[in-house]
Each structure stands twice: as structure tokens, then as C-alpha cells.
Number of protein chains: 2
Amino acid sequence: MAATEPIQPGNQTPENSHTEAQLISGTKIAADYRNELRVDVEQWVKAGHRRPHLVAILVGEDPASQKYVHNKMLAAKDVGIDSETLKLPATASEKEILAKIDELNKNPNVDGILVQLPVPQHVNERNVCNAVDPRKDVDGFHIINVGKMTLNMDTFVPATALGVIELLKRMNVDTKGKNVVICGRSKNVGLPMAMLLHSDHRNELPGMEATVVLCHRHTPPEELAYFAKRADIIISATGVVGLIKPEIVKPGAVVIDVGINRITTKEGKTKLVGDVDFEGVRKVAGFITPVPGGVGPMTVAMLMHNTYKAAVQLAKQEIYS
Amino acid sequence: MAATEPIQPGNQTPENSHTEAQLISGTKIAADYRNELRVDVEQWVKAGHRRPHLVAILVGEDPASQKYVHNKMLAAKDVGIDSETLKLPATASEKEILAKIDELNKNPNVDGILVQLPVPQHVNERNVCNAVDPRKDVDGFHIINVGKMTLNMDTFVPATALGVIELLKRMNVDTKGKNVVICGRSKNVGLPMAMLLHSDHRNELPGMEATVVLCHRHTPPEELAYFAKRADIIISATGVVGLIKPEIVKPGAVVIDVGINRITTKEGKTKLVGDVDFEGVRKVAGFITPVPGGVGPMTVAMLMHNTYKAAVQLAKQEIYS
């Protein structure tokens with residue numbers, strides 16, 4: 001899908017000015033990515049290494065969390081990564097959870113550890129994130145990995161943010177000196193994207209060199225419109241249905257929709273939609289991700305990327321002395 | 001100097017539309033701050049505590065570094081903080097520097113440790129920053145403190161960035177939902193300001209809730225102009241003389257100049273100027289910091305704030321078991 005020449009986002013050309021936006025198929029790109037990763041994993045195993053191993057800790061019975069973890073296990077299997085889910089009751093104490101994490105940290109057969117969030121209210125989420133060995137922290141939530149990301153050092157980047165970056169790379173979108181509007185400042189999605197997109201190429205992470213506008217719930221609509229109209233790339237991760245309307249999108253822009261919202265149609269059916277007015281914006285934008293089938297599939301693929309990366313890095317270190 | 005009603009940056013009113021910008025005197029605000037801190041320190045000592053103690057490590061003979069450290073020592077003395085400078089030769093190995101830091105980490109009579117940057121080229125700056133005990137890291141450069149800042153947890157914020165924030169607070173400038181343009185993405189100044197200014201009030205650090213535009217060397221001038229013209233607050237930390245011109249400043253805006261640049265005048269004299277075309281911009285802006293006498297004096301005051309904070313926090317912990 002990648003073009004030979006970099007895509008200049010927000011450049012309306014005679015070729016694209018009267019056509020609909022090109023769809024960015026996360027489904028297709030994630031499948032490509034997983035196919036490549038499967039080959040890497042098999043080569044790794046053939047070279048005599050243990051198969052990478054991911055453990056998810058699931059506390060409680062939340063159906064959405066169960067489904068997310070289940071999908072991660074399926075994706076692991078698909079690319080040849082061993083995986084298991086450790087289930088703890090919703091009544092598990094923080095101490096019990098931390099003890100379980102400590103056990104996995106010390107287990108030389110485990111490469112990646114993730115604790116499915118949210119954890120029950122009586123558990124301090126930050127303590128749990130910081131308990132995971134940073135070298136096995138495939139979610140990238142440990143404070144040291146957050147610090148590394150801020151300093152643009154090589155680290156585990158949270159999967160959804162990394163998925164968006166990978167989509168832009170695979171579409172060969174030029175970001176240097178471009179304007180990027182990010183809607184949503186969450187620590188796991190919006191903020192990491194801001195960190196990566198403004199980054200200097202002189203650091204360890206690939207510098208993307210964009211000017212970044214970070215918008216959020218306190219950005220007035222008319223201000224968002226002012227910034228969005230000038231944006232070569234718009235990334236929305238807010239959960240606000242219809243936030244990105246066609247009249248605030250620059251012709252030719254790349255629009256990435258991270259929102260996943262469940263709405264009820266006039267016919268009473270449940271439907272998944274993003275933050276972007278898809279039907280309207282596709283008539284203006286140059287490139288657009290659908291929901292579902294856009295960023296969603298990339299998240300799980302990037303988690304697998306992080307797990308494989310952890311396995312390779314751990315194999316080079318002797319951490320169980 | 002603080003107004004009773006919050007200042008609404010970028011709101012041109014009949015009162016300010018024909019007048020020059022009000023000067024934000026960092027010299028005055030820093031002096032006020034130090035006077036208050038001096039009282040706090042004396043009360044702390046009177047309550048039976050050891051006087052706070054700051055140690056600066058100075059590697060090599062760089063005259064600018066020597067001067068910076070000297071000024072920090074003077075400021076410490078002024079507010080009643082004990083201080084000393086450990087001088088190491090430019091040939092000191094990284095190992096020697098780390099050993100010295102380790103010694104200070106373990107010394108129960110030391111509260112704050114700073115290593116004056118830059119260190120000589122044969123020394124890894126990141127290793128040095130990460131060697132300082134995060135609880136004594138008054139520069140806020142340790143990776144854990146960078147992570148905390150990114151997560152808007154209470155931590156040591158790098159002094160210049162904290163100084164800008166303190167200026168805005170003391171001037172009672174409203175930031176919620178305002179547009180802030182930050183020029184410069186350095187890890188010690190521009191980026192920390194972006195972190196603090198966009199922050200959510202639901203976290204540990206006081207949320208400032210601004211929309212933040214992060215510009216840098218790859219932001220084209222016409223794009224900077226587009227963003228700056230809409231900015232209620234402009235903060236420039238680039239070292240580019242004359243970057244902020246009057247024609248890109250919104251009437252009534254608050255303009256904070258972090259740049260310190262040495263230029264030669266037509267008369268052949270050396271002069272300190274900032275990034276802002278001061279004479280031009282003061283006719284448009286509502287509030288403006290001069291150079292010198294703006295952000296500069298705040299930096300050293302905030303370092304003293306961090307040292308006192310470290311002393312108080314350390315006294316509550318038993319870390320030398």
C-alpha cells in the first residue's frame with residue numbers, strides 16, 4: 001500500500017481534489033505486519049531460541065476486558081508467540097497482584113507481562129504498572145519507560161500510539177515540518193503520539209519532526225476548528241462522536257480516527273463509530289482510517305511487536321543472576 | 001503584582017488596547033519568591049531540622065558553567081540553604097563522577113545534588129543524570145522524574161520550566177482552555193512546559209488545561225505565524241534572535257521570553273537579548289518579560305524551591321537504613 005514517493009499530507013493535488021479520500025486499511029496493514037512478524041518469530045525459534053512468551057494478568061470479570069485479553073491471546077497464537085492469561089478474582093488485593101507480577105518478573109520463561117486495565121478500584125493502578133519489570137513492560141506503562149519515551153529513547157511505546165505511528169509509516173506519510181493536530185491527551189494514546197510526532201531525529205527513536213497541537217476537552221470548538229483547518233494530519237482519540245467534521249478538515253489531510261464509540265442507529269441497531277464524521281470527512285480528506293478496521297487492528301499487532309522485541313532484548317541480557 | 005481577577009491572556013480590552021504591554025519583572029517576582037522561601041527555611045531550621053544542603057558537581061573549567069554554579073551558590077546562601085561546589089577535572093572519568101554522585105546519594109547531610117551540564121564529551125550525560133538519587137534530583141533530569149512529570153505526578157520540575165509556570169501563576173494568568181504556543185522542544189525547557197501547560201487538573205500537579213502548540217526548528221515560519229497569531233500565551237525558548245515579531249503576536253497576549261542570546265550592537269557592544277523583538281512586541285502584547293530580568297532570575301529561585309522541597313521530603317523518609 002505504501003507509495004514510492006512520500007505522501008505530502010494536506011497537499012491537495014489535481015489528482016486528489018475531486019476524489020474521495022483513500023482508505024487506510026488498518027485491517028490490511030495489521031495483517032501484513034503480523035505476517036512479517038510471524039516470519040521473524042519463526043526464524044528466531046529456528047535459531048535455537050525459546051518461543052517468545054506473553055502473560056496477561058486479568059483481574060475480575062469485566063466482559064470488555066475479557067474480550068480484549070482474549071483477542072490478544074488469539075493474535076499471539078497467530079504470530080507464533082506463546083501466551084497465557086492469569087485470572088485473579090476482583091477481590092484480589094494489591095499485594096497479591098504485585099506478588100504475582102514479581103513472580104513473572106523473575107520467571108526466565110516470560111518475556112512480556114501486561115496487566116489488563118482498569119484494575120479494581122481498591123488497587124493502585126500506578127503501583128501495578130511500576131511493578132512490572134521495565135524490560136518486560138510490553139504495554140509501556142512503567143514510569144521508566146514513560147520517561148524514556150519522553151526523552152525519545154528507545155523503549156516500549158504504548159501499543160495504540162505505536163499503531164498510529166506505524167500506519168503513518170506504512171502509508172509513507174511525510175511528517176517533517178507538517179502540522180499535526182492531536183485530540184485527546186491521555187497518557188496511553190494522545191500524549192505518546194505527541195511525543196513521537198514532534199520528536200527530533202537526532203535522538204534514539206526515529207524523529208518525526210512535526211509541529212504538534214495538543215487539543216483536549218478544554219479546547220473550545222472554534223479553536224479546534226482553527227487548528228484543524230491548518231492540520232496536514234488530524235488524529236482523534238477522544239470518544240466524542242462527530243468531533244471531526246468535514247468543515248474543519250483541510251483538503252488532502254490525513255485523518256486518523258482512534259475513537260471507538262458504540263452508538264444506536266435510528267433502526268435501533270448498535271454500531272461502532274469513531275470520533276470522525278466518516279461520510280462527510282472522506283469527501284475532503286486525502287486519506288482516512290475507517291472505524292472499525294482502522295487503528296483497532298494495529299493495537300494488537302503492536303503489542304505483539306513489543307513482546308517479540310522484549311524477547312530478543314532479554315535473550316541478549318543476563319538478568320536472572 | 002498579582003491581579004485580583006485572573007488575567008485573560010489575549011483579550012484585548014479598551015483599557016489595554018492603546019497602551020504598551022505591562023512588564024513582567026522576573027527580577028521582582030524572583031526576589032519576592034526568595035524572600036518567602038527564606039522565611040520557610042528559617043522556620044524549618046527553627047523547628048529543629050538541619051539546614052537544607054545543596055551540592056553542585058562541576059566537571060571541568062568551562063567559564064559559563066563556573067558562573068552558573070557560582071550564581072546558584074549565591075542564591076542558596078541568600079535563602080539560607082547550605083551549599084558547596086565539588087570541582088572535578090575535565091579529565092575525570094564517568095566512573096569517577098558516578099562514584100562521587102553515589103557518595104552524595106548516601107550522605108544523609110545532602111538534600112539536593114546537581115551536576116552542571118554539559119559534562120565533557122567522554123561522559124554519558126544520561127548516565128550521570130540517572131545516577132542521582134531521584135529524591136535528591138533537584139534539576140529534575142532523572143528518568144523517573146521525567147516519567148513522573150509526563151504522568152503529571154508530583155516531582156521535581158526542571159527549574160527554568162518551573163520558573164515560567166511560577167511567573168504565569170504569580171501574574172494570575174488564566175490558562176484553562178487558552179492557546180499556548182511554545183517554541184522549542186528541549187527536554188529541559190520546552191517539553192516540560194508543554195507537559196505542565198496541557199495538564200489535566202485531575203492529576204497530582206496543578207492542571208493548567210491549556211491547548212498547547214509545540215513548535216520547533218522544523219516549523220515553517222508561516223505556520224508559526226498562523227499559530228502565534230491565535231496564541232493567548234507565547235513562550236519562546238529557542239535561541240533564535242527576533243523569532244517572535246510584533247506582526248505574529250495577538251493583541252493582549254502574554255509573551256514569555258526564555259531565550260538568552262548575546263549579540264553585538266552597531267556600536268560594537270555586547271548585549272543580551274531574548275528571542276522576542278522586545279521593542280516591537282511590547283506595543284502589541286498585554287504582558288511581556290524582558291531579557292535580562294525576566295525568566296532568568298526565576299530559574300535559580302526555582303532550583304532553591306526544589307532543594308527546600310527535597311529537604312522536607314527527605315526528612316519525612318528514612319532512606320539511610
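This is a predicted model: local features need pLDDT of at least 70, side-chain atom pairs count only at pLDDT 80 or more; totals for chains, interfaces and linings use all residues.

1. In chain A, the charged end of A:Lys309 sits over the ring of A:Phe156, 5.7 Å from its centre.

2. Over all chains, the whole structure holds six aromatic pairs. One of them, between A:Tyr226 and A:Phe227, is edge-to-face, with 5.8 Å from centre to centre and 80° between the planes, and both of these residues are buried. A:Phe227 also pairs with B:Phe227 in a tilted arrangement, at 6.0 Å centre to centre and 40° between the planes; this pair crosses between chains, from helix α8 (residues 221-228) of chain A to helix α8 (residues 221-228) of chain B. Both A:Phe227 and B:Phe227 are buried, and ring pairs link A:Tyr226, A:Phe227, B:Tyr226 and B:Phe227 into a cluster.

3. In chain A, three strands form an open sheet with parallel pairing, in the order β3-β2-β4. Because β3 (82-88) and β4 (112-115) of chain A stand at the edges, each with a single partner strand, one side of each is left without a neighbour in the sheet. Neighbouring strands of this sheet are turned by 15° against each other on average, direction ignored.

4. Strand β2 (residues 53-59) of chain A is joined to β4(A) by four bridges, and A:Leu54 stands opposite A:Gly112 in β4(A). Helix α2 (residues 63-79) of chain A lies across β2, β3 and β4 of chain A, running at about 170° to β2(A).

5. Chain A is divided into domain 1 (14-24 + 171-296) and domain 2 (51-133), and the centres of these two domains of chain A, taken over C-alpha atoms, are separated by 31 Å.

Definitions and conventions. Residues are numbered from 1 along each chain as its sequence is written. Chains are lettered from A and ligands numbered from 1 in the order in which they are written. Side-chain values use heavy atoms; hydrogens and water are left out. Two strands pair if DSSP finds at least two bridges between them. Helices (H or I, at least four residues) and strands (E, at least two) are DSSP runs, numbered from the N terminus. Axes are lines fitted to C-alpha atoms, for helices over the stretch in contact, and angles run from 0 to 180 degrees between N-to-C directions. Contact means heavy atoms within 4.5 Å. Domain bounds come from an automatic or database domain assignment. Rings of Phe, Tyr and Trp (its six-membered ring) pair if their centres lie within 6.5 Å; planes under 30 degrees apart count as stacked, over 60 as edge-to-face and the rest as tilted. Buried means under 20% relative accessible area, exposed over 50%, partly exposed in between (1.4 Å probe, protein chains only). A charge sits over a ring if NZ of Lys or CZ of Arg is within 6 Å of the ring centre and within 35 degrees of the ring normal.
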